[in-house]
Each structure stands twice: as structure tokens, then as C-alpha cells.
Amino acid sequence: MLSGCKIRALWILNNQDIVIFARKFPVVEKRWRVVCTKESDGDFKYDSLPNDTEFAAAFTDRKKREGSARGFGLRVSQSVKGSDSWVDDPITRHVISLYINKEEKGENNLLWPLVLHIKGPYSILVLPLVDPCHLKSYSKMCNSSDCGSAIGADENLSSLLLDLPSITGAFIVAHTIGDIILGEAMEPEVVVAASPSVGGLLDSLTGSIGISGISARAKPVAAPVAASTVSGTVSGAIMSDAPKMGSRPLDKDVLRSFISSAMPFGTPLDLSYSNISTIKTTGFSSADMPPAERKQPAWKPYLYRGKQRILFTIHETVHAAMYDRDEIPDSITISGQVNCRAELEGLPDVSFPLTGLDTARVESLSFHPCAQVPEHGGYKQAITFSPPLGNFVLMRYQSLCSVGPPVKGFYQLSMVSENEGAFLFKLSLMEGYKAPLSIEFCTVTMPFPKRRVVSFDGTPSIGTVSNTDHSVEWKILTNARSVSGRSIEATFSGTVRFAPWQAQRLPSSGSTLGSMADEDSDLETESSGSMVNVEDYIMEKMSKDLQAVDLEEPFCWQAYNYAKVSLKMIGPPLSGMSIDPKSVSIFPAVKAPIEISAQVLTNF
Amino acid sequence: MAVSLGVKSSVTQPEWESVIDEYNRNGRTGAIPGVLDLCLSSLLRKDLPLQLKLHLLTFLEHLFLDDVSPSSLPRLLDSLRSVVQSPADPFSLKDQFLISTTAIFITSLLELDHHVDVDDDSPLIALVELLLTVINRPNHSLDRHTRGVACECLRQLELAFPCLLSDITPHLWALCQSERTHVSQCYSLLLLTTILNVVKLKPSDNSIASISNATIPLIPFNVPQFLIDGVGGDFVWKEKEICYKELRRVIAFLLECPQNLTPFGLMEFMVAIIPMAEELELQASLLRVQFSWFLYTFDPLLCHAFLGMYLKFLDAFEGQEVEIASRLLFLSKESQHHLCFRLLGLHWMLGFFGLIVGKDEGRKRSIIDMSLSFYPTIFDSLAMKALKLDMLAYCSSLLYNSGDANGVKGDREVKLFKDGLVSVSAFKWLPPWSTETAVAFHSFHKFLIGPSPHSDASSSSTLIESKIFYALQYYRFKICRNVMVEAMILLGCLPVKKHKVAYGSLSLVKICMLFETLQISCSPFRTCKDPTKKMLVDSSSEFQGLVPVIVACIDRLLRCHRHRWLGEHLLETLDKHLLPKLRNNYSLGSYFPIFKRISENDKVSPSGLLELLMKFMIFLVEKHGPETGLKSWRHGSKILGICRTMLINHHSSSLFTGLSHLLASISLHFPDLEVRDNARFYLRMLICIPGKKLKHIMTMGESSPGISPSAQSDSFFSHNFPQSLHDLKRSGNIASYIHIERVTPLLVKQSWSLSLPNQGGNPYKPVFFEGIKDNEPASEERYSEINAGVDIISESNMFYQQKEPLRVMDAKISEIVRVLRRHFSFIPDYRHMPGLKIKISCSLRFDSEPFSTANVLNGVDKLPAIYATVLKFTSSAPYGPILPFHVAFLLGSPPKNSKSLTQTDPLAIVPVENGHEEEEENFKAPVCIELEPREPMPGLVDIFIETNADNGQIIRGQLNSISVGIEDMFLRAIIPDEITGDAVPGYYVDIFNALWEACETSSSTGRETFVLKGGKGVAALNGTRSVKLLEVPVTSLVQAVERHLAPFVVCVIGEQLVDMVKAGGVIKDILWKDFHSDSSVDVTSSEGGPLYLKYFGDEDERVDQIPTSRKNIGYFHIMIFLPPRFHLLFQMEVHEFSTLVRIRTDHWPCLAYVDDYLEALFLN
């Protein structure tokens, strides 16, 4: 039985673990109480929702027990029975349980599933409605005395999650709320060419209520997106989860009114913040006539009026790992998306063929819900969609790269002594890239998260170098220049000196998995004899107090010496994705200019 | 603040805010009377800001959840009406008021059974009417959003009170059809929910028939009959043709709208449409056409909604599994998604597989075929990697379960694991607490237990018997082994072979290589080295860090009831493959956690480990120096810790040889005193205490190791006395009234019970230091192995080298050897002929009291008796077969005496001067226990009685055991027949001197072997020395010697002492010597007390100058023969107030008892 998505309650905690916002949904809670009372038995009965103090206490408690707010995720030696990490599944870092300790009753009540989303300084916890049987099943799982459930066993977390769309819904709610409280741009970026400002009604509407980004987008060239500042995330810059600085105090009224509109009874109906806030602030006038010929979709409460045009922007992010070994091919993948802004009157359908994508290389392809996708893979030929208001992501794809990486090269760092490393870069930019491309900037960063950079020597063949405490940054290209067809060669060799090595003590709370090195492990290295050279020795020493990374990271970055290349190109996408303006058709037919732009970002 | 609210009629904004905050924090409103009234009045005030009013409304909602008061609903409704109808109030207040009021109504009125008490003037009806008025203006522009909100309110009411709106469905449909603004979603969902309830609950036969034309007006609203009586119809919709058609029309209409709904709206839509489709038996293909696009969106909620539908109509969607799985895979691959959605995608896929796989081989195969795409990629987060590895583990378990039963399977499973693990291969060199390590071992665990989940339907008992189980064990074992070999490579113990497997498909090769080079790629400077070489270079010192992780993993399996055997397999594998590969250096110390597990587990033979520990011990001894003192101590203590664990967890029989060697060597050679002492202590325990009791003692903790359940445990006496003869049958009670006691009590009340575990079939094997060996070459390779590695402790192993040819020796030694040869040739070899026996005299008696209660008896004449008593003896100590003893007749002892006797210690000394002795003796039968010790050690002899009572009843049972002390073993050395008369003392002295020399630890006779009587067995001498200082005055010493050791004194030296002893007259027929005539004394005493020596020469002249306490009065030489072939020699250096006893023996374990014996003998 598909159970839908209902939310019992949600909480927002700040980084001092104090509940700063809480909302309970009495209708859903009443339903839970009714079901619980029906199914209650010796072990299971209804427990009222905790108040803020109890909730905060339980959250802090879990944090202590599980090492961090998210928890261990996997069952490690510190895991205790009854805790989330006992279940031994990484998703328990996102779907957590709390033991609520009611003062007067003196008992621990399990609260599950709580969807945890950490955004900036806030922890957002959403409690969706489930069946009592699900709760019992989870409770059994985290209290089982065996060694951990096998994959595909009868009662497992996977089948629970499959059974519970409410958890999925709660995740979406949590993320939406996270974006709202941080006031982040919620619309994808669409690059607008220099043209007279679009003075439509919607713009004036949305502009006045502060849908962010619109005014910025009127500039000729959009400001580079977050990734150009190399925040350290690997996953696409678009979905960067990195905390933003300067978070303003939580606007509770905005949040409260959003929640009341988006899920008045705890059942979310529409989470589009821009639509909801427009409705709240603007309302409707008698001029907003419903379309005569067809129904207005729920996701398009207003119709656009004004000068018509369509904008497309293709964003691509390249992820590459280069091995510099003949037998191992480099791995280059592209995650791309087509953002769109359709300023069209009425409720037209837009369609265009997907010609550019090399189907052999595309690994995945998915669309906005407004797109009509014919059944059985027909999507590969053409796409038809009825565009919503504002900017939206029309489609996403993952693809392998058809050409080589935009930056190819060689980087070597050898520690010549304990506090000094010699490095060498040999890079070749845009090898094999053709003319219409232009490269906007290209920067190489050598991060040294564990060492403090004191100074460096050496001059690059091109560009400028600067250093911060924990990195050396080499700006190869700072001004946009078009690609001539020849590759740009760049070399940079030099030495970097670090502050004397200090063994870092593991902060007790910092590492997620905690330190498993017990006091009894007395590692005794054979004195120098087995060490091959100083480099190994230093590496050995350094790797000893590496901290465990979060499960959210792909690997322990600190364990490697690597350089990160950031670059932005304007021009045809690497995946071959393209939209031919001539083939874009609008129905009912209307003459509207179509603008297409593309940009490529890299992350190595 | 809260209190002040009560007196005020109007409340300001800050006051409200503090009240609400307080409520949120503690769930209490404080003592505010009439919060509701205050709220309502505040809501209607014009001066309060809108945001506060909205906040107040949600506060009210929260409040009503805890505090239900239906009586206030009408007032609430009135306020709502006034707000809704007021043109001045903004829409957002109206919306929120509608929502909150509805919520409060629902929470107040909803009862357990969805039933609601409604009468005509119920506020609920008024509310519904109000809402209906609001929604009944389709396409009206200004309030369109409020209409949508009202629709949602109605929908919630319909959900809470099903079929509330069933009568007005036609109106709803009409409204839904005409609404064209964006709130049409709300109208559609309202209609859908109402119809669903109608379809499901069938409130009346005709409610749907008239859907196209309404029969009743929308307002006034009446509660439908169904909600009042709760009786629904019972029919099938398909059979009601008109209704069915109408319904189909409505549904066809509704199915048109999904494109216009928001994702969450769609979710609600699906929730309602699926049960409806089921109820109406719609074709699932219809739904598929309508909703399959969900899968192609990037909205996770829609994907999930589709999955929900799919699982509902599994059959209708058959054949699409692979497509759906691949879409889910796409979802997880999209790097634009938040991690949690990608993880969810993988989880759905796992859950999905679990549901569809069933027994269908085809589906299984297609899943397995997909396994290539489950391999993690470089930039997948570790959480993703972990889950993808779980997927691979799932595939491997499918592989296992799939029908083809050939050996390839196991290999493929292993391969899946190995290939998968590459993605986190960095764990090989990262510190053990790294996340990569956690992921790697997480997957390791999943792979291992994959095919035998805990929830397996077949219970474990039946599983164990099934063939599957064995097969499973085989494959798991294979995996275990392979994985462990991997682990060992990691631990730096095995040379790394290129474990490149011929990969099946090209793409796999790519993927694998990708993984393999992951770590290289990210650290370019590492590329310059061959990674495999690197692994070799980074020796165990680096990888030993993994030990705690491996141990944690094994622990986890061991603790699991179902997978314990896996853990044991792992341990066995480690024992077999890892131990021999470990380098013998200080780094071995970090492997001790593994050793501990091995020693804890009685399924794994400890011999390998003992061997390794022995080597390690030697290493420690060799390396010992001033700087390594602490290290030696620490490692030594660790070794002892392992020994201790072994003692607790293993049968001592399996340990005995190895462990005693190890402990002996430690106690002899280890540089650290404390370790030596502890080792000796453990050794003593190992030798003296039977297994079960030993375990008990060890687990009691270090604090009270000496306390042991002695033979005279109180439990025997705490039994109730038998009240009737009937109770006599109970064997447990017999010991309380039939007593067997030693005639001569033991000097040493052994504080431990003295025996070794039963020897089973082979009586020779577990005997410590199998002293006698046949001339044939030893067949056991083990010993030579040990010996090869253990040069340094050659003394204790010397007898293994007995095959070596004789050495050149000087005249003195050859004389010693000659004497000893002769002596040994008279010692019977108990393996080939009757051995030497010792006799222990006991007495048997029983109390007549328990018998007399059965037969009323008076006087001695009618004392009860027992007849034809047979006593059978067994012992766990190596005493050889013990013959049973028969007592024909025994009279019960009279009650008066028996009472006092039973309460005294049965082993206590019975005063000889007892006046009733004669009388007593009548009631006692002498019993003689003949033992043929294989080893001179104290022990217990268990006694079983079988006897007949007066009335013919047979009594069987166990009596209290008899302790055998070391002094029972004391025999005089055998005198050859040809030595008679005066020659005897001289002979004894010769043997004494020879043995004394031979037992010198550094003696060169140690390598000699001596043929025993019969010529088949040979024995080696293996001497040990010890010293004991007894602080007793000479007189009492002499008395004690005379009383207890007189037969064994071979020689008394020193005029003063000789005079004393001769005067006593007890010791006769021995050699008397003065100091000057004895050379051996000088030699030994020069070692022990050089300070005294210079006085010896001119003792006579300087008598006054020597303090009396230091004055050496003389020596006793005492030689005791310990059956079967050992000797105990005392040289007592007697002083005025103390005596130094030098002890030598060729059976060093006996030193353990000698110590106590001497103390008991002289000091008590």
C-alpha cells in the first residue's frame, strides 16, 4: 500500500543544539496516535511528541553516542546496540533515530525515522509518518544481537525505505527548508545575453519579492558559479552542499508561512518556494484569468505576459582522474544539465530534438517533471515540455567525455626533507580543442590541508602564483581567451617549504569514525632499517594521524597529494550536447527568440 | 509572564511570544485560564500584526493536540466565520484560520474507529457548510488560493471521517470539472479522495449512480447516513453496470490531470488512485501508460511513487524489471543529486531486487548481469561505495544461491569481493580508524554472511544438517580463506603475487584497473613505485595497524549466534596461515589481540600459537638488554596473558605439553622477575589443578587464585540429613553418613585439588615430561621442531636429545654415571611390568543414625550394619589402575560419637590418646588404597561405594575423596638384592652423591640416559635445584626429621648433629660423618654460603666468636625416591635456630609441593 507522504513534525536546531524552530502537525499526529493505540501492545504504545527541550537533549545524546551529529553510519567498535550505527548502513547518517527521554516517565522512546539534513549551521530534522510496523521493524533491527543483517535478508532497511515514500518526501521537505532558511538561490542559473531588460510582469513580480538571481542574470556574463572558488567539493558545483558564510538569523515568519502553505496539514502539496511566496505577497487579481482552453497546472499559478523568448544554458562539469600510466585509461566523466527559462505567454508546449548527445556515451538522462517523455526510451529522440515559470533544470545527464580532458598534465611532489617538497607541473591546456571555445580562467591549486605553507620557490612559465596557509594557487589564465587550436603549454617547478611537522592529535569529536587505535596497540616501528628513503618515512609518519573522513567524501583527501584544476570554458559542451535554435518548436506557434549558451567547469 | 496573562484581558505581542516559547520548550502553558478565549480575542483584534495571528493559530493547533476540548469548537467556528466573511482580513489569515480550525476539529473529534458523533447542530456540519460555501465559486479569481485551501480542508475532513462528503460527490465533480486555475489540483484531489472512500466503503447503493446529476443540494449539508450507522453496502462495483460506467468516467477524467499536478500532489494522487484501480479492477497497463514517465524525471519522489505502483501490480509490469532497475541506477549515478537521494536510489534497488527476485532464475541472472554496473566509481562518496559494495555482496549471494553447483561459483564470489574492494583499497595503508577501513570491513562482513542471513526461514538446527549448509560452509570457508590471504598480504606477511585474475569482460578489466589505480591516481608521486613492491616494503609494521579492525570483525562474527562458525573459521585460517608467516620481532606484540582470540577459542588448536609464543619468548630473551627491560616485561606479561586465557578456555589436555614447556621456559629464563614468578605460578596451577576447577579459579579473578573447592567442600555437609532410608538411595547424601578417612592425616592440607584430567585412551600422552621413553626413535616431529628453535632452553628439553652418542667424560662423572646406571636398572619400568606401589591406609565407618530413624533401634546390640561393601577408586591423577577394596562387614558407629565426628573435619587428626579408641576401632574398617603413580604428584582419589544394608537394600554412591599428598609418594630407594647389611648405608650415600651431582643443573650427566629395569625404557636426568630456609630450632628440626623423614636419611654429618640424632635413637643404620670427611658438603656449601666457609676450618678454636644462630651444627642428607623413577634430595644445613634446606630433584614439578611440605613439616 502506497502510504504517501505525511509529516508528523519538524525541528530545526542550531549549531549549539538548541531547537530554534519546531512545527508539529496535529492532524498527522492524531492519525499516528489512533493507529498506535490500535496496535499497541506490551512493547509498543503511543508516545506524544517531545517538546523542544526533550528533543534537543535526545539529539545531543545521540551526538555523544554516535560521535557526531550524523553518526558513524557503519557499525564500528564504538557502536552500541540500539543505536543507528548498529544497523550498519550509511543511510543511517541521514535517516536517524532518537531516544526521547521523557522526564516524568523516565523511559526512552524511540523516535524514527528522523530525516536529518545539515545545512549551514542548522540541523533540520523531519519526522514523517510511518506505520507502527515499520517503527517496530527498525527497532528490531537496531537492537538485534546478531552480527548485522545480510543484504537481501527478509527484514532490512532497504525494503523499509522502499516501502516508505514518506521518507523520500521528508528529505525533499528538509532540503527545501534548508534552502529557505539560508536564503540560497533556489533557481538554477540561466545565462542571459546582453539585451534590454525583460520587463514582463513576472519579472516585476518576482523581482519585487526577491526571487534571487533574476537581477544578477541580466548582466552580460553571469558571475562564475560557486565552484570557481574551489570549495573542495567534488560533486557538481551546482549542488554544492558547502556551508555558506554569513548566514542570517532564521526568519521564522517566512518559514512558518511557507510551511503553512506548502503542507498545511502536514501533507506536502507544493514545495515551490517562489510560487508560494509570490502567492502570499501578490495574491491574485481579477486580471489573472484562468486560461480558457485548458487547465492551469498547479505548478504554474501565474501565466507570463510580455516579450517572449526562450533561454537555454548548458552547464557541464568535468570530473577527471588522470593516472599518467599507459595501461590505465584516464577517467573523465561529465555531469551536465540544461537549464531553461521560457518566457512564453499562455501554456505552450516546447519541443526540440536531442541530437547532440552521443547515446553511446550517455550514462544517464533524466528530465524535469514538466517534460513529457514517451514510454520505452523514446526520449532519446526528442523532448517536449510545458515550461514552468522562471528558471528550471530541464534535463540532467551523465556522460563520458568524447575528447581528452581540457587540461592534461603531470604533477609530482617529492618530499626532499621533512619540511620541504619539490614539485613539478607540466601541463598542456586545451589539447585537441577547437576554435569556438574560449577559456575564461584556469587555476591550479595544490592543497596541503595538514601542513602550513611557509614559502615557495619557483616561477611558472605562464601565469601567477600565490599561497595561503594551506595551499599554493597557480593562476594560469586569468583573462578569457579563445582557443586557437594549439594547446597552451605551462610548466612550473619549484619547492615548497612547510612549517615544522607537528603530529596532530586527533580531536576527540572531530573524526566520525573515532579513533580505533586503542592504547594497547603499541605500534613499534623497527628503527629506520626497513625504511627505504626519507620520503616513505615522512609519508608513513604523516599517514599515522590522518583523520577519518566523512562517509560523504569519496576518499580521504588528506592522504593524497593532489592538485586541483579549476577552469571555466564557454563554448560547445564536451559531451556534444547541443540545441539547435532552428529546431526548437513551440506549440501553439509563437515567434520567440531562442538563446543558447554553454559553459564547462572542471574539477579534477 | 504566564501568570500575568490571566489577569489581563488583552495580551500584547511579546507576552504571547513568551507564552508560546515556553510552551514549545516545556510543553506547558503555565497556569493560563482560558487560553483559547484569549487566543480568539487576540485573533479578532485589529491591532495585532498578521504574523502574530498566524503564529497564534498554529499555537492553537499544537495546544489542541494535547488538550482536547470539543466544547470550545463552536466558539472557534464563530470566530472563523467572522474572519472569513470579513473583507478586511487578508487572505493569508483566512487561509490559516481555515486550516487551523479544520485541524483542531479533526484532532478534537477523531476517535479510534473513525466514527464521529454528529447530530444536526454539530459544529462539524457548520464547518463543512462554511468550507463548501468557499469552494463553490469555481474560477473565481481573487480568492482562488483560499478556495484551494478550503478544498484541502475538506479533503482532510474526508480523510478523517471517511464518506463525510459522499452524498455530495456529484457537486464536487461538477466543481472539479469547471475549475481551471492552478488550484484545480486541490479540487481534483478532493474529488479523488471522496470517490475513493465511496468506492472502498460503499456507503450506499446509489451514491454514485447519480454522479452526473446531483439529487440533493450542496447546502445545507447533511451528514450522510453511513457516517451515523456505519453500515456499508456489500457488492462488487463491476456488477453494478451504471455505477461502474459512471466511475470509469470520473476516473478517466482524473487520469487526465497528472501532468498538471505538483510532484507532491501526484504522490497524493497515486495514494488514492491505486487502491481505487484495485477495487474497480482496472487494467494495470492503463496506469502504466499514464505514469511510466515518472521514472524518467529526476524527481526522487515521483520515482518512488512509480515504484509503489509497480510493486502493487508486479504481474502486470512483468518484463520491465531490468529497465526499472537501470533507471534506479541512473538516479544513483546522477552527481547533481544530493547524496541522500543517491543512497535512497540504491536502497530502493536492493529492496526492489528483494521483492522481485523470488525463485525466478531469469531475474536472478539479469540482476547478476547488472553487477558490473554496481562497481563503485572513483568519485562516489564512501557511503555510496559502501552501498554499492553491498549490492555486489547481494549479487554474490545470488550467485551462491543460483542453481549451478560447480566450484566456479565460489571463485566468482571471491572475485566479486576482491574487485569490489579495490575501490577502498586505500585502507591498506591508511590508519586503521580510517573510513575506508570501516567500509572495507563492512563489505567483508556482508560478503561473508551474504548467503546465510539471520532471518533465514529454515531454523539453524535443520540447516546444519542439510547439505546446503555444508556447501555453504565450504564456499564461505573458501571466501574466508581467500579474504584472509588478502588480509595477510595486507599485514605484510605473504609475498604479494600478482593477483590479477583473467577478467571475464573487457569493461570489467577497465573498471578494475580503474579501482586498482585509484590511490595511485590521487597521489601522483606514488606512481613512481610499483605498488606491489611498496606493499612489500611497508612491512608488517605498517599493516599491523589493521589488527584491531580484524579482531573487531572476528569478534562481531563470534558474538553472533548464527555466524559464530564463520568467526571460528577465520580464526583457524589465521592460525594456520598467518602465524607461521609472522616475523619474529617486537612488532609481534601488536598481533596479540589476534592471539588472544585464538587462545580464547577452543575450536582452534593452541599448538601453533604456543610454538610462536615460544619463539617470541626466545627472541625476547635474546634481545634483552638494559634498554629493552620494560619492553621485555610488557611482552612477557602479554605472553602470560595469553597463557592465562588458554588456561581458561582450553582443555588442559590439549595444552599441557606446549603450555607447560612455554611456562617452564619462561620461569627459568625470562629476564624479568615478575614474569618469571607469574609463569611459575601458572605452571603450578596448570600442573596441579584439574581443568574444570582451574577454569573456575582463573575466572574468579587474580585476587583469589588460591581458593579452590577442596575435597571437604561445605556442600557435602549442607545437605539435609536423610530422614528415611528411602533417601539413602540418593547418592549425593552418602558421604554425609559413610565416612572414609586417612589413618595418618596429611601434613599438608592441600589447598588445591590435586590431579590431572583424565587421560583417556592414551595414558602416556598428557603426562608432563614424558620422562621415560622407548629406545626407538621418537616419532613425533613436533619435538624436534621445538628443539631446533629453542637452543637456549636446552636443559628442559634435554631428554629429547637422548639419541646423541655419549660424550667424553672424566673419571668422576663416569663414576657417577656408573652408580646411576646401576640404580636405574633396578627401577621397574611401569609400562612393561608392575610399577612401584604406594599404600595409603584409610578407615571406613558409618553413622548409624540415618539408619536408625528407619528402624527404631535401641542400644548397641541393634546397631545397623553394612555387608559386602565394595569400594571402587578412581582418580584423575596419574595413579594407574587402582584395585577395588572389599569390606565384608561393618557395624555402624553409635549415634553419640558419630555426631561429634561428623562435625569435625574428616581429615583432621584423630587424637590417638582418645579413651574410646578401642571402642571406636570396632566401628572402623581398615581400607588400603594401593596406587601405582605414573608421576609423583598429589591428587585426589574418588571413592565409590556399593554396599548392602540390613534390609538388603543396595546403597550406591560416592564418598568423600581421599587426598593423596606428596609424602605418600615418599619411598626408599630400591636396594639391589646383592647389597645387604652394612653395605646398605654406603650404597645409599653413593646414590645420593651421584644424584646430587647429576641434578646439578649444569651437570654434564644431563645428557646421559639410563636404562630402566627390563631394558626397554630409558630415562634421562633433568635436574633442578631449590633452596628453602626453615627458621626452626635444631631440636624441633631433628624431631620432625625423626618422625617423618627417618627412613630417608642416608647420612648425618657433623659431630654435634650426629650426637643429637644418635641420642634420639630413631635414625639407625646410616652413615655418620664429621665435617672433614665429607667433600661434597664443602663443594656445595662453598656455593651457597661462602661467608660461613672460612669459619669451618677453625671452628673449634673460634667457637665463641661465631654467633650461635650461625653456627653450623651439621648436615642431614636425605634421599627420597618418588615413584615411578624420580628422586628428591635434601641437604639440610642445620644451624641453631634455622636450617637451610638445599633441594635437588630430577622431577622439578614436585618442588611445588615440597615447599609446602617442608613448611608443614617444620614450621607448624
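1. Two strands count as paired if DSSP finds at least two bridges between them. Note too that this is a predicted model.

2. The sheet in chain A. Chain A holds an open sheet of 5 strands. Their order is E2-E1-E5-E4-E3, and the pairing is antiparallel. The edges are strand E2 (19–24) and strand E3 (95–102) of chain A. Each has a single partner strand, so one side of each lacks a neighbour in the sheet. From one strand to the next, the twist averages 30 degrees.

3. One pair within it. Strand E4 (residues 107–119) and strand E5 (residues 122–128) of chain A pair over 5 bridges, in the antiparallel sense. Val115(A) stands opposite Val126(A) in E5(A).

4. Helices across the sheet. Helix H2 (residues 52–66) of chain A lies across strand E1 (7–13), E2, E3, E4 and E5 of that chain. Helix H2 of chain A runs at about 125 degrees to E3(A). Helix H3 (residues 132–143) of chain A lies across E3 and E4 of chain A. Its angle to E4(A) is about 90 degrees.

5. A residue in chain B. Where does Ser843(B) sit? It is in strand E3 (residues 838–846) of chain B. Is Ser843(B) buried or exposed? Its relative accessibility is 9%. Buried means under 20%, so Ser843(B) counts as buried.

6. Contacts of that residue. Neighbours within four places in sequence are left aside here.

How values were computed: Residues numbered from 1 in each chain as written. Chains lettered and ligands numbered in written order. Predicted model: local features only at pLDDT ≥ 70, side-chain atom pairs only at ≥ 80, totals over all residues. Heavy atoms only, no water. Helix = DSSP H or I, 4+ residues; strand = E, 2+ residues; numbered from the N terminus. Buried < 20%, exposed > 50% of the residue type's maximum accessible area, 1.4 Å probe, protein only. Contact = heavy atoms within 4.5 Å. Axes fitted to C-alpha atoms, helices over the stretch in contact; angles between N-to-C directions.
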